[in-house]
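Me: I have a model open on my screen and would like to talk it through with you. Could you take my questions one at a time?

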Amino acid sequence: MQEAHVLPPTALGMKAAGMLSLIGCLVTVTDSKIYTRCKLAKVFARAGLDNYQGFSLGNWICMAYYESRYNTTAQTGLDDGSIDYGIFQINSFTWCRDAKLQEKNHCHVACSALITDDLTDAIICAKKIAKETQGMDYW
C-alpha cells in the first residue's frame, strides 16, 4: 500500500500566501492612474498641446477633466457598441482599433494603447482629432 504525500500545513499555507501575493501584484499592475491637474498640465505642455490648433493648455486640461476626470483607464460603452477610451475618451469606431468592431482606426493605434499611464499615443491621437475635425468641438 502506498502512502499519499501530504504537505505539512505550514507548507500549504506558504503556497497559498505566495499565490495570493502573486495575484495581488497582477491586480496592482492594472490599477488606473488618475493624474492631478498640475501633473497633467506638465505632461500636456511637454507634448506640445499648449496652443495646439489654437487651443490653450487650459482648454485641453478642462476637456480631459470633463471626459475622464483625468483617469487614464476610463472607458465608456456607447449605444452603438463602440467604446470611448482613456483620458480623452477617444472613440473606438473611428479613431482606434478594437477587436469587437469593424473600425476605421484613423489614429493607427490599438484602443488598448489609449488606456495606459503613458499618454503618448492618446496625445498623438487627440492632436490628429483636433487637426482633422472641428477641433475641440469634436469632444
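This is a predicted model: local features need pLDDT of at least 70, side-chain atom pairs count only at pLDDT 80 or more; totals for chains, interfaces and linings use all residues.

Me: What is the N to O distance where the side chains of E132 and K128 meet?
Reply: Side chains of opposite charge can pair when their charged atoms come close. Here the side chains of E132 and K128 form a salt bridge, for which the cut-off is 4 Å. A search of the whole structure finds one salt bridge. The N to O distance for E132 and K128 is 2.9 Å.

Me: Is K128 buried, partly exposed or exposed?
Reply: Buried means under 20% relative accessible area and exposed means over 50%. K128 has 27% relative accessibility, so K128 counts as partly exposed.

Me: Which residues gather in a patch of positive charge on the surface, and where is K39 placed?
Reply: The patch of positive charge brings together K33, K39, K42 and R46. K39 has a relative accessible area of 38%, so this lysine is partly exposed. As for its place, K39 sits within residues 37-46, which is helix α2.

Me: What pattern does the protein follow along the sequence?
Reply: The protein has four helices and three strands. Of its 139 residues, 36% are buried. Read along the sequence, the pattern is α-α-α-β-β-β-α.

Me: What is the phi of Q89, and where does Q89 lie?
Reply: Q89 lies in the loop between β2 (83-85) and β3 (90-91). With a relative accessible area of 5%, Q89 is buried. Its phi is positive in a residue other than glycine, with a value near 55°.

Me: What separates the C-alpha atoms of I61 and L40?
Reply: I61 lies in helix α3. At 8% relative accessibility, I61 counts as buried. I61 and L40 are 21 residues apart along the chain, and their C-alpha atoms are separated by 7.3 Å.

Me: What about G48 and I123: how many Å separate their C-alpha atoms?
Reply: G48 is found in the loop between α2 and α3. G48 is partly exposed, with a relative accessible area of 33%. Along the chain G48 and I123 are 75 residues apart, while their C-alpha atoms are separated by 9.2 Å.

Me: Which UniProt annotation covers residues 107-125, and how far apart are the end C-alpha atoms there?
Reply: The annotation comes from an unreviewed UniProt entry, which gives "domain: Glycosyl hydrolases family 22 (GH22)" for residues 107-125. Over residues 107-125 the chain is 32% helix and 0% strand. The end C-alpha atoms of residues 107-125 are apart by 5 Å.

Notes. Residues are numbered from 1 along each chain as its sequence is written. Side-chain values use heavy atoms; hydrogens and water are left out. Patches are made of residues with over 30% relative accessible area and no salt bridge: like charges are joined within 9 Å, nonpolar side chains (Val, Leu, Ile, Met, Phe, Trp, Tyr) within 5 Å. Accessible areas come from the Shrake-Rupley method with a 1.4 Å probe; for residues, only the protein chains shown count as cover. Lys and Arg count as positive and Asp and Glu as negative; His and the chain ends are not counted. The place of a charge is taken as NZ of Lys, CZ of Arg, CG of Asp or CD of Glu. Helices (H or I, at least four residues) and strands (E, at least two) are DSSP runs, numbered from the N terminus. Buried means under 20% relative accessible area, exposed over 50%, partly exposed in between (1.4 Å probe, protein chains only). UniProt positions are given in the numbering used here, feature names are shortened, and annotations may be inferred rather than shown by experiment.
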